[in-house]
Amino acid sequence: MRTFRIIFGLIVDLALFGMFVPWATFRTGHLLDGLFPVSLRPALLFDAAGCVFAAAGGAWLLWSWYLLVREGRGYMTELFRIEISPVTERLVVSGPFSLHRHPVCAGYLFLLAGIGLAKGSFWSAAGCAPLILVLVSVYLRLFEDPGLRRRFAAEYDDYARRVPMFFPGRPGRVSVAYRNLIADRIRFAVTVAGVAFAVLLICFQLSVLKGTRSQITTYIDHVGADVWVMQKGVDDFVATSAVPKTSVDAVKKLNGVRKAEGIYAVYTLIEVNKVKSRVYVIGYDTATGDGGPWKLGETLPHIAGARSLKDGEVLLDRDLARRHHLKVGDRVSLFGQTFTVAGFTLETNSIGSQYAFLSRDSVGGIMPGGGSFFTHVLVWTDGTVSGPEMVRRIAAATGLGCLAREVLDDHMRDFLGMFMLPLLTAGVVMGFLVGSVTIGITLYTAVLERFKEYGTMKALGATDRFLYGILLRQALISLGLGTAVGLALAAGADRFINLWVPGMTAGLDRDTVLQTVLAGLLMAVLSTGLPMWRLYRLDPMEAFRS
């Protein structure tokens with residue numbers, strides 16, 4: 001039985017600490033490297049430092065493990081007080097254990113940080129490893145240390161007073177703020193979970209808002225036309241428009257116009273295996289490629305770019321294709337006709353629908369009246385005429401509606417704000433309130449439970465400022481742990497949204513993280529208001545009488 005438990009414990013260690021934790025660390029570090037790139041130069045120096053850290057951490061870990069087995073007569077696989085493999089029978093205090101109480105964890109974190117540096121990932125080493133250290137410290141205080149005290153009693157208490165957990169200092173000192181928080185560990189865990197949920201809600205809503213704002217103008221920005229000509233009275237890219245084909249020639253004759261191309265842009269339904277989805281079809285001139293897709297993924301062999309598309313073929317957004325399990329070469333139904341999927345487009349995921357690209361002749365031949373009009377005309381200028389003047393000239397020559405690209409972008413964002421902004425703003429406010437109330441309730445109940453203690457400190461001369469500092473530290477501890485967990489969950493939600501939710505884009509970046517952290521700090525400050533007021537009104541004699 002003992003042998004089986006040892007083998008099982010090693011398997012658990014290998015799966016959890018040999019595979020899952022490194023994968024999660026480097027995956028998160030890679031994501032943060034993409035969001036907040038930091039160049040490690042000179043690379044040779046950081047590679048060498050990473051190898052040294054990894055080697056030192058690995059050696060420290062193995063030495064500590066050897067002492068646990070040889071002197072402690074056991075192993076260390078104990079998770080949340082569940083003894084998976086046989087735990088140590090004797091308290092080990094020699095070697096690395098004479099410098100800090102948890103050298104196995106310290107060596108493991110140095111190993112992760114070193115591998116991160118050697119891989120060239122700044123955030124794996126400087127961000128994820130310290131975050132894991134914080135989480136491990138909390139876990140050790142809540143579960144590992146109490147288990148050791150239960151097994152070794154006074155011997156461990158004496159050892160803990162002499163040797164710090166990780167860093168040199170006064171190991172026997174525990175701050176009042178931290179002690180108050182962990183007095184009820186379940187409540188502390190619920191508080192951290194509540195803060196993490198609030199941070200996740202705030203960060204997620206902000207990132208979706210940012211991604212959606214950039215997403216709604218993605219076609220306009222990538223096509224790059226300086227002026228958009230539409231039916232008079234139309235001032236956005238989603239309303240129905242009809243522009244006579246003769247207006248294209250009239251626009252091309254104007255001074256300052258480099259080129260002009262008509263396109264079809266219409267909403268329709270795509271049908272795959274009797275499942276329908278809404279798509280925004282763009283019919284563009286495949287001879288020039290103007291107005292067509294700007295970035296392609298997997299395609300048929302003959303598709304080399306926007307100019308390679310043939311009649312009877314369609315280029316579909318990759319997320320739309322993934323949703324319907326489509327492959328290149330499959331057949332889909334559009335406008336009641338069947339088209340071959342010639343390839344997938346990237347960065348064409350739009351609000352509520354995705355883009356599909358067809359040849360202009362295909363769309364014109366299907367749409368009623370398509371032979372005599374376009375929906376929009378794209379105009380590129382040669383730079384000799386200002387944008388407002390070019391808009392005025394085109395409007396005067398054609399009698400149609402004209403908008404500069406920047407103005408059209410603003411109109412589209414206003415259109416988005418009319419529907420999405422109130423909903424997302426309500427989500428941010430809700431997350432802020434949830435976090436503030438969660439921390440505030442925790443602090444207030446902690447004050448009530450420690451009523452006599454605070455009264456004694458006040459009677460002995462503790463100032464209100466000192467007591468307020470205890471509350472603020474409690475709030476910051478809860479906030480720090482909750483924010484770390486919430487941001488990690490937000491990064492995962494961001495990835496999930498971008499990969500698996502058609503019609504939505506999340507834009508988690510440096511500004512979004514900074515805004516979330518600032519909102520969290522404001523939560524911590526506001527949540528201390530009611531507990532501070534209670535302490536301010538605290539009469540030491542009242543505390544003693546209670």
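Predicted model: local features only at pLDDT ≥ 70, side-chain atom pairs only at ≥ 80, totals over all residues.
The buried stretch can be followed along the helix from Pro103 through Val104, Cys105, Ala106, Gly107, Tyr108 and Leu109. Further on, Leu112, Ala113, Gly114, Gly116 and Leu117 are buried as well. After α3 comes glycine 120, which has a positive phi, near 80°.

Attention can now turn to helix α4 (residues 122-152) and helix α5 (residues 154-162). These two helices pack with their axes 6 Å apart, at an angle of about 130°. Because an angle in this range is neither roughly perpendicular nor roughly antiparallel, α4 and α5 count as oblique to each other. On the α4 side, the contact is made by Asp145, Leu148, Arg149 and Phe152, and on the α5 side by Ala154, Glu155, Tyr156, Asp157 and Ala160. By class, five residues of this contact are nonpolar and four are charged, while no polar residue takes part.

Helix α7 (residues 185-215) packs with helix α17 (residues 510-527) at an angle of about 145°, and their axes lie 9 Å apart. The crossing of α7 past α17 is right-handed. Helix α7 contributes Val199, Ile202, Cys203, Leu206, Ser207 and Lys210 to the contact, and these meet Asp511, Thr512, Gln515, Thr516, Ala519 and Met523 of α17. The contact of α7 with α17 has six nonpolar, four polar and two charged residues.

Phenylalanine 344 is found in strand β10 (residues 337-345). Its relative accessible area is 7%, and since buried means under 20%, phenylalanine 344 is buried. Apart from neighbours within four places in sequence, phenylalanine 344 is in contact with Leu296, Gly297, Glu298, Thr299, Leu316, Arg318, Ala321, Leu326, Lys327 and Val328. One of these partners, lysine 327, is 17 residues from phenylalanine 344 in sequence, and the two C-alpha atoms are 9.0 Å apart in space.

Terms used:
Residues numbered from 1 in each chain as written. Heavy atoms only, no water. Axes fitted to C-alpha atoms, helices over the stretch in contact; angles between N-to-C directions. Helix = DSSP H or I, 4+ residues; strand = E, 2+ residues; numbered from the N terminus. Left-handed = near helix turned anticlockwise from the far one by under 90°. Contact = heavy atoms within 4.5 Å. Nonpolar A, V, L, I, M, F, W, Y, C, P; charged D, E, K, R; others polar. Buried < 20%, exposed > 50% of the residue type's maximum accessible area, 1.4 Å probe, protein only. Parallel < 35°, antiparallel > 145°, perpendicular 65-115°, else oblique.
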